[in-house]
Amino acid sequence: MGIDRHRVSKYLHMSESEFLSSEAYSRNYTHKMDAYESFVLNELRSCPSYSSKQIEDHLKEAYGKEVEGICSKTVFNYVVHIRAKYSIPKFERPPRPYDKLPELPFGEYAQADFGEYWMQRTDGRHLKVYFFVMVLSRSRYKYVYFCTKPFNTAMTVYAHELAFSYYGGRPKKMLYDQDKVLLHDENLGDLILTKGFRAFVDQQHFEPVFCRKSDPESKGKVENVVKYVKQNFLKGRLFIDAEYLNEECLAWLERTGNGTMHHGIYRIPSDVFKEERDYLQPYYGTPVEPQVEMKEYSVRKDNTISYHCSYYTVPSGTYKNAGTRVMVEEQEGRLHIYSKETGKRIANHPLSEVKGVLVQDPAHKTVRGEGITDKELTIHGYIGDIEALDLFLAGISQSKPAYYSRNLSYIIHQMYGYKPEVLQEALVRCLTSKAYNARMLIEASESIRVSSGMSVIQQPQTASVPPELSNMRPERTSINSFEQYFK
């Protein structure tokens with residue numbers, strides 16, 4: 001009926017007269033998009049597979065600014081409402097059938113999965129933590145391990161060994177998603193495990209079983225545990241450090257995660273585990289935390305690296321060619337970037353909580369406009385420190401900042417052909433007509449010079465010619481002297 005179970009329970013405890021007199025019986029909800037009901041209905045009937053995003057785009061196409069104030073979530077909810085009201089399913093194929101499976105034998109299966117969660121630190125910043133979850137399929141006895149870096153194969157193997165040590169044994173089979181840290185490839189059931197995980201499986205002698213791609217419902221027990229960890233343990237908890245978080249989690253598992261009744265089996269997992277423990281295969285290993293290895297990343301042409309779907313800057317000039325590499329290490333919510341050649345740290349950024357953003361250090365910006373100050377001083381030194389020149393240069397800088405330096409170079413190249421007072425008068429003309437362009441300044445100066453009958457000033461020479469060389473002429477050789485060489 002689309003009604004929450006708690007509200008159904010409330011109605012069941014009412015008498016008929018209480019229900020009829022309640023607000024729930026006579027209450028009539030309206031929707032913000034009721035004016036567009038016929039449009040949405042016709043769209044869905046014409047193509048039942050339309051998504052809410054497509055319906056939203058068609059609304060904007062048909063009604064324009066009239067629907068700009070309606071957010072995407074409102075459209076989504078209304079499309080769901082119309083589908084339910086007029087029985088228009090999105091897909092014609094029948095829903096997936098489900099069967100209640102009998103409980104598995106003790107010690108036969110366990111399920112494992114990964115999760116991640118943004119936690120608030122004591123200083124107000126946020127940090128993403130990553131966790132590994134394992135649950136025994138029969139007893140629902142859980143284990144969770146946290147770290148501050150994404151899991152690779154070595155860390156995943158270490159988390160497995162911690163779980164086996166926590167259980168005091170291992171199951172015969174383990175059920176997983178097709179995760180890249182475990183599975184290199186899958187071809188119609190033929191599995192190619194990653195090198196590190198294959199070595200671990202061969203050492204511990206358990207059977208890895210992998211779900212089909214994009215089918216998390218095949219391992220619903222551990223999927224529920226991941227949500228349980230997020231909602232019951234992590235929600236609202238402050239992050240101090242990874243070691244303390246794991247200690248807190250073990251206490252939570254003993255107290256709540258494994259110590260309270262599981263509503264799937266209606267028993268306490270820790271009590272059932274006492275029976276299952278004897279059926280587990282022995283584990284003789286010792287968990288050894290893998291050494292942290294820095295990863296190598298390519299530097300992009302814009303002097304950034306792409307890390308977990310965000311961009312982080314490195315100092316200007318770091319990029320040399322397509323083979324430029326840096327080493328990256330993540331520690332306590334910050335990203336440390338090191339030069340591959342020298343090993344020195346060249347950047348240190350806070351990790352971004354949002355994907356697709358640029359995390360920039362102001363010190364890494366390219367120093368632009370080098371030499372512009374010297375050009376400005378050269379122009380002021382010849383024309384004079386007058387207000388008109390300051391206003392003219394400011395106008396060029398504001399109207400065409402990308403061409404400011406080229407305008408300055410053009411003025412310097414041409415200004416010596418005119419007297420300063422001519423240039424000053426031309427500046428006034430350009431300001432009056434708002435002509436902020438170096439070429440227009442020189443054209444105005446030329447117009448003033450011609451109208452005043454002034455001659456062009458010769459460009460200053462960079463070096464004087466000695467008098468004894470001023471009248472020298474090169475010797476000339478007769479063309480006939482070369483004939484002997486050609487013969």
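How are helices α4 and α6 oriented to each other, roughly parallel or roughly perpendicular? Some notes on this and a few other spots follow.

1. A word on the ground rules. This is a predicted model, where local features need pLDDT of at least 70, side-chain atom pairs count only at pLDDT 80 or more, and totals for chains, interfaces and linings use all residues. Residues are numbered from 1 along each chain as its sequence is written, and side-chain values use heavy atoms, with hydrogens and water left out.

2. Back to the opening pair. Helix α4 (residues 37-46) packs with α6 (72-86) at about 70°, and the axes are 10 Å apart; the two are therefore roughly perpendicular to each other. Axes here are lines fitted to C-alpha atoms, for helices over the stretch in contact, with angles running from 0 to 180 degrees between N-to-C directions. Angles under 35 degrees count as roughly parallel, over 145 as roughly antiparallel, 65 to 115 as roughly perpendicular and the rest as oblique. Helices (H or I, at least four residues) and strands (E, at least two) are DSSP runs, numbered from the N terminus.

3. Who makes that contact (heavy atoms within 4.5 Å)? From α4 come E37, V40, L41, L44 and R45, and from α6 come Y78, V79, I82, R83, K85 and Y86. By class, seven of these residues are nonpolar, none is polar and four are charged. For the classes, Ala, Val, Leu, Ile, Met, Phe, Trp, Tyr, Cys and Pro are nonpolar, Asp, Glu, Lys and Arg are charged, and the others, Gly among them, are polar.

4. Do look at α9 (residues 220-234) beside α10 (242-257) as well. Their axes come within 11 Å and cross at roughly 100°, which makes α9 roughly perpendicular to α10. Y228, V229, N232, F233 and L234 of α9 meet L245, E248, C249, W252, T256 and G257 of α10. This contact has seven nonpolar, three polar and one charged residues.

5. Y167 deserves a click. Leaving aside residues up to four places away in sequence, Y167 touches M134, V135, L136, Y141, K142, Y143, F273, R277 and L280. F273 is also one of the buried residues of α11 (residues 269-276), together with P269, V272 and E276. Seen down the axis of α11, these fall within an arc of 105° (taken from the directions from the helix axis to the C-beta atoms), so they line one face of the helix. They pack against β2, β3, α7 and α10.

6. Two backbone spots to check. S87, in the loop between α6 and β1, has a positive phi of about 55° although it is not a glycine. H205, in the loop between α8 and β7 (207-210), likewise has a positive phi, about 60°, without being a glycine. S87 is exposed at 60% relative accessible area, and H205 is exposed at 61%. Buried means under 20% relative accessible area, exposed over 50%, and partly exposed in between (1.4 Å probe, protein chains only).

Definitions and conventions. Contact = heavy atoms within 4.5 Å.
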